[in-house]
Amino acid sequence: MAIDARLLAGLAAEIRRGAVIVTGTNGKGTTCRMLSAAMRASGLQPILNAEGSNQVTGLVTTLLAHASRSGRLPDDDRDIGLFEVDEGSLPEILPQVSPAAVVFTNIFRDQMDRYIELDYLTRRWKQCLRSLPAGTTLVLNADDPRLAYLASELDNPRIFYGLADIEHRRSAVDCTSDFPRCPRCTGELGYSCVFYAHLGHWECRHCGLARPQPQVYAAKIGLAGSASSRIQVVTPTSEPVLEIPLPGLYNAYNAVAATAAATACQLPSIALPAVENVTAGFFRMERVTIGGRDVHLTLAKNPNGYTEVLRTLLGDGRPKHMLLALNDRASEQQPDVSWIWDIDFESLRGLVPAAVLSGNRAIDLAVRLKYAGWMGAAAADLAIEPDPVRGLNLALERTPAGQPLWVVSTYQVLWQLRDWLCRQGLVSALWDS
Amino acid sequence: MAARKLAIGYLYPEAMSGYGDRGNLASIMRRCEWRGIATEVRELRLGDPVNPDEVDLFVIGDGGEFHQRLIATDLADVKGPAIREAVSQGSALLAVGAGYELLGRFYQPCRGVELPGASLFDTWTIQQGADLTAASCTITEARADRVIGDLVVQWGDDLLVGFENHSSRTYLGLTACALGHVVVGQGNNGDGLEGVRLGGAIGTYLRGPCLPRNPALTDFLIRTALLRRYADAELAALPDGLEHTARDTAVRRLSAVKRAAVAAS
């Protein structure tokens with residue numbers, strides 16, 4: 001670990017344009033891919049770490065892959081580092097990388113058996129930010145109360161981003177909220193507008209501290225079902241309209257985060273529309289064709305992500321056939337799946353006519369859906385098949401011809417499916433893309 | 001049979017529902033609904049008073065160290081007397097994790113002054129291991145003294161399954177009765193006992209959340225709450241095949257893990 005850290009520091013220092021770090025619970029990967037498109041459109045060559053290689057060793061591996069045989073990075077002034085960093089690993093990575101900008105997407109409950117608790121994680125972030133060079137820009141989500149005033153005692157430049165189009169607000173904070181308190185006085189927060197969970201336009205009822213005005217924001221958001229969205233972004237220098245091939249409010253957040261980061265990196269405004277060139281990452285509504293039928297693979301691994309994915313998929317009110325899967329990470333003694341009880345399945349009952357439940361905790365998911373009312377009057381036709389490949393085939397058999405199948409799952413099942421799809425020749429292996 | 005109705009007091013719904021705790025509430029409400037028992041949920045937040053005559057079943061969930069500090073005094077001073085009174089009148093109560101800890105006599109964090117408890121249970125809790133509030137505490141240090149894993153408890157003739165994740169050790173006073181015996185996991189403090197039971201009030205480290213996979217425990221709480229209000233506490237049997245399968249699957253899996261560990265050692 002210590003050797004890796006030193007290697008990382010040495011290699012990162014050789015990147016001519018420095019590096020940008022993107023961290024947070026959800027949206028890191030997509031934000032990185034959007035930003036990398038804007039960087040390429042600016043004539044830069046982003047060195048981007050692969051999905052999931054977001055801890056110290058993964059970054060070292062990424063950089064070594066770019067290095068020459070002597071172990072040095074090529075001296076190319078178009079090179080810029082773009083690193084998705086695991087939220088728990090930020091304190092180890094930040095001091096080694098000395099980035100030009102750090103982008104925080106959001107913070108939600110995730111892997112509590114690994115990260116202990118949110119306030120602890122935020123405190124660790126604050127602590128490690130103190131080691132930042134004075135010139136590093138902090139790119140912060142103004143709508144997330146835990147992030148908006150992160151390390152506010154530092155004089156580093158800050159760019160806030162957020163959503164302004166209140167057309168998409170929900171009636172109230174929902175059950176996937178982590179109910180942050182005021183970052184200044186720990187008082188209770190009130191919201192004039194909630195987009196989802198605890199993201200929105202907030203203000204402390206006690207001391208009056210309020211969401212900072214973002215310099216980069218989505219002024220108008222058009223959501224086109226489960227396929228794409230149209231986002232009018234305002235930055236200090238331009239107002240690009242982005243046609244994003246990704247659905248949902250959470251991708252609107254990713255788009256403004258990427259635009260804000262591009263602004264922090266002083267990319268030319270002409271490069272911003274390139275954010276639309278983002279492609280779906282692995283398991284981000286990734287589409288594969290099996291026997292002439294579209295199958296969409298989507299990762300969901302925490303209450304907020306799962307809920308927003310389901311809301312996005314089912315938001316058009318058209319019933320969809322699904323494979324819902326859940327696994328724990330028993331091999332690492334992390335058997336906690338309690339988070340499925342914070343997914344808002346209740347509000348979505350009746351929209352899924354049939355689902356196959358899969359993964360090694362499929363039965364826990366079945367119990368969850370039973371108590372969410374999915375087996376009552378508005379019953380979904382549920383089948384349980386813990387084996388992912390058999391589950392997929394069963395779900396395909398049960399999906400009427402011409403209709404797509406939507407797979408929503410935690411990582412392990414998706415990797416097992418991808419592995420099987422690779423062997424069937426239906427998708428390319430990971431290293432090809 | 002006359003219509004029956006239960007009032008559920010949900011303590012600190014925002015601060016203390018950090019680990020899927022809404023699943024416990026859902027379990028209680030659905031199992032009442034399926035039997036034609038009406039429920040009414042009263043959310044009891046910071047500062048809200050509690051009328052002991054008006055709550056038949058209290059639920060308090062789990063929260064982090066910040067939330068524990070946030071609610072401790074309110075729970076001890078504002079709500080504690082009424083909760084003790086209600087339980088002595090026969091109300092049911094389920095307290096999980098940090099909620100369980102704060103219903104004891106006191107909670108001693110690894111640094112700083114102790115937090116007051118509501119003294120419903122004759123228990124006390126000592127936090128061990130790393131100080132999460134220390135700026136330099138790394139994740140490895142934070143996890144070192146934590147008990148993280150499955151927890152299986154023998155409760156009468158039943159097995160309860162769940163998950164535990166805590167750095168605190170809870171100790172029972174002379175007048176306290178444990179909820180059950182640990183089969184897999186650590187429980188209160190490693191002495192083989194888990195949780196506490198006082199009449200119809202239960203404190204436990206079982207998360208998961210604990211009620212959905214343990215319907216017998218849910219029904220115990222509902223029956224206790226009904227008895228307080230009605231002469232008739234009869235509960236119709238429900239088809240619990242799925243819940244039992246989930247529980248038995250967990251027990252089977254753990255037995256296999258345990259056997260493998262024994263074989264490896």
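What share of the contacts in chain A with a separation of 6 or more comes from residues 24 or more positions apart? The answer is 71%. Keep in mind, as you look around, that this is a predicted model.

Let's start with the whole chain. Chain A is built with 12 helices and 17 strands. If you draw a box along the principal axes, the C-alpha atoms fill roughly 60 × 60 × 45 Å. As for the inside, 54% of the 433 residues in chain A are buried. Here, a residue counts as buried if 20 or more other C-beta atoms lie within 10 Å of its own.

Now zoom in on one pair of helices. Find helix 1 of chain A, which covers residues 2-13, and helix 4 of chain A, which covers residues 90-97. Their axes lie 8 Å apart, and the two pack at an angle of about 40°. Angles under 35 degrees would count as roughly parallel, and these two helices are therefore oblique to each other. The way helix 1 of chain A passes helix 4 of chain A is a right-handed crossing.

So who actually touches whom? On helix 1 of chain A, look for A5(A), L8(A), A9(A) and A12(A); their partners on helix 4 of chain A are E92(A), Q96(A) and V97(A). Sort the residues of this contact by class and you get five nonpolar, one polar and one charged.

Technical notes:
Residues are numbered from 1 along each chain as its sequence is written. Chains are lettered from A and ligands numbered from 1 in the order in which they are written. This is a predicted model: local features need pLDDT of at least 70, side-chain atom pairs count only at pLDDT 80 or more; totals for chains, interfaces and linings use all residues. Axes are lines fitted to C-alpha atoms, for helices over the stretch in contact, and angles run from 0 to 180 degrees between N-to-C directions. Helices (H or I, at least four residues) and strands (E, at least two) are DSSP runs, numbered from the N terminus. Angles under 35 degrees count as roughly parallel, over 145 as roughly antiparallel, 65 to 115 as roughly perpendicular and the rest as oblique. A crossing is left-handed if the near helix is turned anticlockwise from the far one by less than a right angle, and right-handed if clockwise. Two residues are in contact if their C-beta atoms, placed from the backbone, lie within 7 Å. Ala, Val, Leu, Ile, Met, Phe, Trp, Tyr, Cys and Pro count as nonpolar, Asp, Glu, Lys and Arg as charged, and the others, Gly among them, as polar. A residue is buried if 20 or more other C-beta atoms lie within 10 Å of its own, exposed if 12 or fewer, and partly exposed in between; C-beta atoms are placed from the backbone.
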